[in-house]
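Morning, everyone. Let me put the structure up, and then I'll walk you through it.

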Amino acid sequence: MNRNNIWIHLGLALIVVTVAAVLGQIDRWRSSLRPMMSETRDLARPVAKPTAIKRSPSDSEPEVLVRFKSGVTASQIEKLTAKFNDRVEDRLELVNGLVAIDDLDNADPAEVAAHYARMTDLVEYAHENFIIEADIPDFTPVNDGHDMPRPNSPNDPHFADQWGLSNDGRNGGKKGADIAALSAWSKTKGSEDVVVAVLDTGVDYTHPDLVANMWVRPDSVPQYSDAQLGVINDLYGFNAGDNMADPMDDNGHGTHCAGIIGAEGDNGIGIAGINWNVKIMPLKFLGRGGFGSTKDAIEAINYAIDRKQNGVNVRVISASWGSTMRSKALEDAIRAAGENGILFVAAAGNSSTDNDRRPHFPSNHDLPNVISVAALDNGDLLASFSNYGSKSVHVAAPGKAIVSTWLKGSYREASGTSMATPHVAGLAALIIANEPDITMAELRKRILDSVDPLDILNGRIFSAGRINADRALSN
Amino acid sequence: MPFDQNSAVERARQDLASRLGVSESDIEVSAVTSKEFPDMSLGAPADDEMSAQMIADGWEIKLGAKGKSYEYRADKYQLRLKGYNGKNHVIAY
């Protein structure tokens, strides 16, 4: 195989993974209708091995993608593949149970796939590593609304996929491993009087699921005026990266975070935000690639403070970003936000490291208005990528395989402490909607004191728990 | 500048050849691997840079020249050189 072919194969392998994720999602819809599988399965089921064929020695990529059923453990998969002289080449974390398998006998991939597909008590599906000539889709499509609605749930068709809000145990999740949104909504569904600033890549403020909850500068608030920039007509927020008024998202990340906080609920489309009603103020400082400068972050924070001082009820900044580099100037800007009654919710980072030992900023700034957030999966486990820290990471929230809004009216699943952070920012807004006069210090304490304790977080997270919206509203 | 895997590799080769003052034909592509990176700076933040903390899909590109190895990281938005002379560099975005 020549070098060009290697690149083509590698690129196509990536496409296949994405397609497999799509298939996996489809399968999730199907599997939700099936009875629960037995945990004990017979791995010794006799299945004839396909005949070997000659293949190119350089053709070393995995031949088959297999998605095992929920409950089949990693060690069972290893034993099974080893038994057939196959090797698990890669685990594709974003789809539960999906592995890429390399057949060491160099058998016909179609036969190997069929061999696995016949193990119907263990395998959801198996297919060879297709060659597909198509653009790589940006993301994994999610539930198109064919799941059965849950009692008392909003009519948003993707709500069934929002395990972070209400987890009924499907897709390998743990029932109740959620923020108890359904019961919290019996107390409040948010308020349009509360403004949450999403300091990020911008927000697609035309998204059908967000447009009703986007902040628009009221006539009573003067246009933003800056010594260097002059007067800016900040109708929808601020773009510090380009020093302009338009904070339209050109990446998608900020739109995803915004949807978690405040996608319009019970509107018959897409998802439900933690707040069905809220006002989201986009502050763009991260560029199209999802990265930006500390200076621009500070500019955007200054904008939020200025708006607060001009009568806009900015109570929370959601900050799903960071790095290991400390900036005193950024710390000062966040402190100033706190002095203006603004809670600053920050992602703990995705390096699987201890922030007490290897600090991550801005989440590690030891300020009274900062909450640092770790990510959980749908089984109430700390996500494998999430940072932690018994002193410096304060709470945990859903952050793996989170469905939310994306660019151009779409939706996608994403993972990271980026996704956990807006769960906490959204909860903060919900509490404020319920108790408009709560102080920033009381708000922070409420969020930390009302968590669901999880043993696995003892010694790893300051509060040792997952946020609980229902309890936070009950105090 | 949007990248796909092939264009990212080619751009990385061009960059390394330019840095080392050698011909592109002297740059060996050791490996290209699809990866999940921890954030949108692909785990290789430049100085004074903050990045979205979302798991990002991309490619790890290992190049070799003059007996040394170099690591580039790319996704559809950007190309980075990791740990060159002790620093990360944004090559293109």
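Start with the interface: 23 residues of chain B are in contact with 33 residues of chain A. Contact here means that C-beta atoms, placed from the backbone, lie within 7 Å.

Some housekeeping. This is a predicted model, so to speak of local features we need pLDDT of at least 70, side-chain atom pairs count only at pLDDT 80 or more, and totals for chains, interfaces and linings use all residues. Residues are numbered from 1 along each chain as its sequence is written, while chains are lettered from A and ligands numbered from 1 in the order in which they are written.

Back to chain B. Which elements of chain B each supply at least two residues of the side that touches chain A? Helix H1 (5–20), strand E1 (28–37) and strand E2 (49–52). Helices (H or I, at least four residues) and strands (E, at least two) are DSSP runs, numbered from the N terminus. E2(B) gives the largest share, 4 residues. By class, that side of chain B has 12 nonpolar, 7 polar and 4 charged residues. Ala, Val, Leu, Ile, Met, Phe, Trp, Tyr, Cys and Pro count as nonpolar; Asp, Glu, Lys and Arg count as charged; the others, Gly among them, are polar.

Stay with E2(B). Strand E12 of chain A, residues 321–322, is joined to E2(B) by 2 bridges, and the two run antiparallel. Strands pair if DSSP finds at least two bridges between them. Opposite A:Gly322 stands B:Ser51 in E2(B).

Now chain A. It has 10 helices and 19 strands. Of its 475 residues, 53% are buried. Buried means 20 or more other C-beta atoms within 10 Å of the residue's own, exposed means 12 or fewer, and partly exposed is in between, with C-beta atoms placed from the backbone.

Is A:Gly176 buried or exposed? Exposed, because 12 other C-beta atoms lie within 10 Å. A:Gly176 is in the loop between strand E4 (123–128) and helix H4 (181–184) of chain A.

Last, a helix pair. In chain A, the axes of helix H5 (residues 253–262) and helix H8 (residues 417–434) come within 8 Å and cross at roughly 35°. Axes are lines fitted to C-alpha atoms, for helices over the stretch in contact, and angles run from 0 to 180 degrees between N-to-C directions. Contact residues include A:Cys257 and A:Ile261 of H5(A), and A:Met419 and A:Ala425 of H8(A). The contact has 7 nonpolar, 5 polar and no charged residues.

Definitions and conventions: Contact = placed C-beta atoms within 7 Å.
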